[in-house]
Amino acid sequence: MMRKKVVLDAGHGGHDPGAVNRAMGLEEADMALDVCKRARDLLLPYVDVIMTRDDDRFLTLSERAAIANKTGADAFVSYHFNSASSPGTALSYEGFTTRGQNNSDRLCNAILRHHGKLSPEQKLRADRADGDIDKEANFAVLRNTACPSCLIEGEFIHTSHGGRLIANPTKRQAMAEAVKLGVLEFFEMSSAGLTDEEVLDIIGCIESSCQDLREGLTGV
Ligand SMILES: [Zn+2]
């Protein structure tokens, strides 16, 4: 059987550092690449992994999508860290797909569920526009990718809370593990061995995160 193929896309790079935390000397481009390298190492025993970049170089959004399309990828995951203008203290992550329900939502939701299980201190920023836990955005890397695709914002990098979390290699490993488990679940080759009870547990904890958000813990 042909091995499944996933493209991991570390956001930004080269002259584009992405979001930064100047006080802590953190750049989104470096941290996203680190998470993608960790996810690649975790996934390689199971699937083929193609990185849009594996060093500090700049790629346009269309070059990133073209790599997925040219290699006939079965899934595309773009990894980023967030920032906002307000200082904020919330710890939160989110995932995006294009509008409407399709396999991209299945991929994105699987990664978000595993992220929630592995990093319970972070709250999921969800919207319910299309009835699931991811958000919708017309991002070029998602729009121009032929295969199921999603974009994860692992945490806010500009806050001291978020910066500390991202700077911690154990936390970045957990983010990578969530990508691995989500991708394998999407390919229906889950190695996680989760029981039904554990899956319900994860869904419960995501529901309560959404509840917190509705109750006004809107974060940044
Ligand atoms: Zn970004």
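1. A quick overview to start: the chain has 7 helices and 9 strands, where helices (H or I, at least four residues) and strands (E, at least two) are DSSP runs numbered from the N terminus. Please keep in mind that this is a predicted model, in which local features need pLDDT of at least 70, side-chain atom pairs count only at pLDDT 80 or more, and totals for chains, interfaces and linings use all residues. Residues are numbered from 1 along each chain as its sequence is written.

2. A buried residue has 20 or more other C-beta atoms within 10 Å of its own, an exposed one 12 or fewer, and a partly exposed one falls in between, with C-beta atoms placed from the backbone. Among contacts between residues at least 6 apart in sequence, 79% join residues at least 24 apart; a contact requires C-beta atoms, placed from the backbone, within 7 Å.

3. Strand E5 (residues 75-82) deserves a look. It is largely enclosed by the rest of the structure, because 8 of its 8 residues are buried. Ala75, Val77, Tyr79 and Phe81 cover one side, while Phe76, Ser78, His80 and Asn82 are on the other.

4. Now for the partners of E5. Strands count as paired if DSSP finds at least two bridges between them. E1 pairs with E5 in the parallel sense over 5 bridges, and Leu8 stands opposite Val77 there. E5 also runs parallel to strand E9 (residues 149-156), joined by 6 bridges, with Ile152 in E9 as the bridge partner of Tyr79.

5. The largest nonpolar core has 52 residues, and Val6, Leu8, Ala32, Val77 and Ile111 have the most contacts inside it. Such a core is a set of buried Ala, Val, Leu, Ile, Met, Phe, Trp, Tyr and Cys residues joined through C-beta atoms within 7 Å. Leaving out residues up to four places away in sequence, Val6 touches several residues, including Leu43, Val47, Ala75 and Val183.

6. Two non-glycine residues with positive phi may be worth a glance. His12, with phi near 65°, lies in the loop between strand E1 (5-10) and E2 and is buried, with 22 other C-beta atoms within 10 Å. Glu188, with phi near 55°, sits in the loop between helix H6 (169-186) and helix H7 (196-214); it is exposed, as 7 other C-beta atoms lie within 10 Å.

7. Finally, Asn21 belongs to strand E2 (residues 20-21). Asn21 and Thr159 are 138 residues apart in sequence, yet 7.2 Å apart in space, C-alpha to C-alpha.

Methods. Contact = placed C-beta atoms within 7 Å.
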